[in-house]
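This report describes selected local features of one protein chain. The sequence and the model are shown first, and the description follows.

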Amino acid sequence: MRKLVFAALFLTGSLHAETADVLITGGTIITMAGPNIENGSVAIAGGKIVAVGKSSEIDERFAAKTTINAKGTAVLPGFVNAHTHVPMTLLRGIADDRDLMEWLTNFIFPAEAKNVDRDFVRWGTRLAAAEMIRSGTTTFADMYYFESDIAREAKNAGLRAVAGETVLDFPAPDNKTWDEAIAYLRKFVAEWKGDPLITPALAPHAPFTVSREHLQQIRALATELGVPILIHVSETREELRQVAERSNGLTPPAYLESIGFLADDVVANHGVWLTPEDMQRFAARKVGVVHCPESNMMLASGVAPVIQMQRVGIDVGLGTDGPAGSNNNLDMIEEMASAARLQKVVRSDPKALTAREVLELGTIGGARALGLADRIGTLESGKQADVIVIDLQDAKSQPVYSAESAIVYAASGASVVTTIVNGKILMRDRKLLTVDEDAAVAKAKEYRAKVLQSLKK
Ligand SMILES: [Zn+2]
């Protein structure tokens with residue numbers, strides 16, 4: 001036995017048989033794939049998780065280039081914000097507490113028409129990236145215009161994104177005609193498909209803003225190009241009325257099914273007004289749904305039947321929706337807390353959506369809904385290293401009887417201290433390493449003045 005140990009030392013030159021780029025040691029590891037590990041470690045190499053387990057077993061195996069002492073923290077998979085419109089950070093708070101149609105017609109549409117260009121989405125995304133990294137989001141699914149520029153900013157910041165170029169039947173800030181939009185989509189997908197961080201997606205806005213023919217064209221294009229589709233579905237009663245009008249009384253999911261649109265590559269955002277039959281449809285076609293509780297509350301859209309969706313086997317994720325007048329931040333911890341509390345109140349059941357269950361929605365649930373569960377969403381050997389560290393030592397989180405409860409019901413996005421995506425450290429001890437936050441904030445103030453001026457004209 002002693003001879004064997006000496007032989008091993010001789011061969012490796014040290015006690016550590018393997019090398020890791022990053023070793024996170026001494027925390028409560030919430031793997032989301034099994035029981036939590038107290039005094040655990042996560043080893044990362046080549047952008048992937050290579051080991052998860054007790055520190056006493058992992059630490060001696062690895063010689064790490066960077067060691068993060070995680071004592072007193074929770075270590076978990078990064079949050080998946082499965083539905084948002086990140087450049088709208090620059091319109092944050094422009095017109096809150098208003099009726100949806102008034103908000104859209106008098107503020108958002110004119111503000112977008114007059115201000116949204118490539119620079120706008122770049123700076124808006126940079127501001128959002130700082131906020132997301134700070135609050136532990138490692139993947140976001142976006143729907144906006146000039147999405148190629150958004151993808152570039154996300155990649156520069158080191159974030160993972162499903163980037164959905166939004167198309168609709170009226171002129172958008174980027175593409176003025178449908179033919180232009182289709183040409184953009186082809187070029188966009190060709191540019192980004194296969195990127196390790198960016199998944200390009202097609203994002204027809206909604207079943208009432210894109211015609212039947214155009215939806216079918218998008219469906220065929222997604223199949224041809226092998227990319228997912230992101231779309232708003234059954235968000236408001238008004239949408240149900242408009243879709244019923246154009247489809248002889250069908251619900252949005254029934255209408256989408258009738259035109260051959262639904263498949264396992266479709267991600268339906270909101271799903272507030274899904275009927276039991278709609279849920280069966282989505283489950284049968286393996287359509288993922290993204291629940292956006294704060295947006296649904298803010299715009300008084302309604303309450304999505306999250307529990308029923310899960311019961312029929314739909315993959316449900318969680319999203320903040322856009323930060324302008326429908327949230328207004330990108331904080332996934334706050335979103336999880338809202339999701340849990342909303343289901344409890346609407347179902348008159350304090351057991352509905354536990355802390356553990358909403359953590360699932362915010363991590364592996366979102367990964368499943370977006371079709372990324374084989375790569376992210378849990379801390380398991382072989383998965384991409386998207387890992388966050390949450391400090392639970394401060395006054396608002398102590399004492400910790402349950403890490404899940406402390407995170408969801410007591411902590412906040414500001415409790416996240418370290419954020420890692422694809423093995424790269426984007427924030428360490430609250431210091432952002434890939435985004436110039438001061439520049440983004442300064443630019444946001446400039447845009448505020450510009451946007452207000454544009455609305456006066
Ligand atoms: Zn949305």
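## Nonpolar surface patch

A patch, as the term is used here, is made of residues with over 30% relative accessible area and no salt bridge, and nonpolar side chains are joined within 5 Å. The model under discussion is predicted. In this model, Val303, Val345 and Val346 make a nonpolar surface patch of about 240 Å².

Val303 is placed in the loop that runs between helix 11 (293–298) and helix 12 (306–311). With a relative accessible area of 31%, Val303 is classed as partly exposed.

## Salt bridges

The count of salt bridges comes to 25. One of them joins Glu437 to Arg134, with the closest N and O atoms 2.9 Å apart. Glu437 belongs to helix 16 (residues 437–456) and Arg134 to helix 4 (residues 118–134), so this pair ties together parts that are 303 residues apart in sequence. Glu437 is partly exposed, at 25% relative accessibility.

A further salt bridge is formed by the side chains of Arg281 and Glu257, at 3.0 Å from N to O. Here the connected elements are helix 10 (residues 276–285), which holds Arg281, and helix 9 (residues 252–258), which holds Glu257; the pair therefore ties together parts that are 24 residues apart in sequence. Both partners are partly exposed: Arg281 has a relative accessible area of 21%, and Glu257 has a relative accessibility of 26%.

## Further charged pairs and a network

Arg356 and Glu404 also form a salt bridge, in which the closest N and O atoms are 3.0 Å apart. The pair links distant parts of the chain, with Arg356 in helix 14 (residues 355–369) and Glu404 in helix 15 (residues 403–410), 48 residues apart. The two partners fall into separate accessibility classes: Arg356 is partly exposed at 24%, whereas Glu404 is buried at 11%. Glu404 is assigned to the buried class because its relative accessible area is under 20%.

Salt bridges also occur as a network, which links Arg118, Asp119, Arg122 and Asp149.

## Packing of helices 13 and 15

Two packed helices are described by the angle between their axes and the distance between the axes. For helix 13 (residues 332–346) and helix 15, the axes come within 7 Å and cross at roughly 95°. Helix 13 is therefore roughly perpendicular to helix 15.

On the helix 13 side, the residues in contact are Ile333, Met336, Ala337, Ala340, Arg341 and Lys344. Their counterparts in helix 15 are Ile407, Val408 and Tyr409.

Met132 is located in helix 4. Its relative accessibility is 0%, and Met132 therefore counts as buried. Leaving aside residues up to four places away in sequence, Met132 touches Val86, Thr137, Phe140, Leu159 and Leu330. The C-alpha atoms of Met132 and Phe79 are separated by 9.2 Å, and these two residues are 53 residues apart along the chain.

A second pair of positions concerns helix 16, where Lys443 lies. Lys443 is partly exposed, with a relative accessible area of 24%. Between Lys443 and Thr73 there are 370 residues in sequence and 34 Å in space, C-alpha to C-alpha.

## Backbone geometry

Most residues other than glycine have a negative phi, and most peptide bonds are trans. Against that background, which peptide bond has an omega near 5°? The bond from Asn327 to Asn328 has this value and is cis. Asn328 is situated in the loop between strand 13 (316–318) and helix 13. The peptide bond from Gln398 to Pro399 is likewise cis, with omega near -10°, and Pro399 is in the loop between strand 14 (387–391) and helix 15.

Positive phi values are found in Asn39 and Asp321, neither of which is glycine. For Asn39, in strand 2 (residues 37–45), phi is near 50°. For Asp321, phi is near 65°. Asp321 is found in the loop between strand 13 and helix 13, and at 5% relative accessibility Asp321 counts as buried.

Methods. Residues are numbered from 1 along each chain as its sequence is written. This is a predicted model: local features need pLDDT of at least 70, side-chain atom pairs count only at pLDDT 80 or more; totals for chains, interfaces and linings use all residues. Side-chain values use heavy atoms; hydrogens and water are left out. Patches are made of residues with over 30% relative accessible area and no salt bridge: like charges are joined within 9 Å, nonpolar side chains (Val, Leu, Ile, Met, Phe, Trp, Tyr) within 5 Å. Accessible areas come from the Shrake-Rupley method with a 1.4 Å probe; for residues, only the protein chains shown count as cover. A salt bridge is a side-chain nitrogen of Lys or Arg within 4 Å of a carboxyl oxygen of Asp or Glu. Helices (H or I, at least four residues) and strands (E, at least two) are DSSP runs, numbered from the N terminus. Buried means under 20% relative accessible area, exposed over 50%, partly exposed in between (1.4 Å probe, protein chains only). Axes are lines fitted to C-alpha atoms, for helices over the stretch in contact, and angles run from 0 to 180 degrees between N-to-C directions. Angles under 35 degrees count as roughly parallel, over 145 as roughly antiparallel, 65 to 115 as roughly perpendicular and the rest as oblique. Contact means heavy atoms within 4.5 Å.
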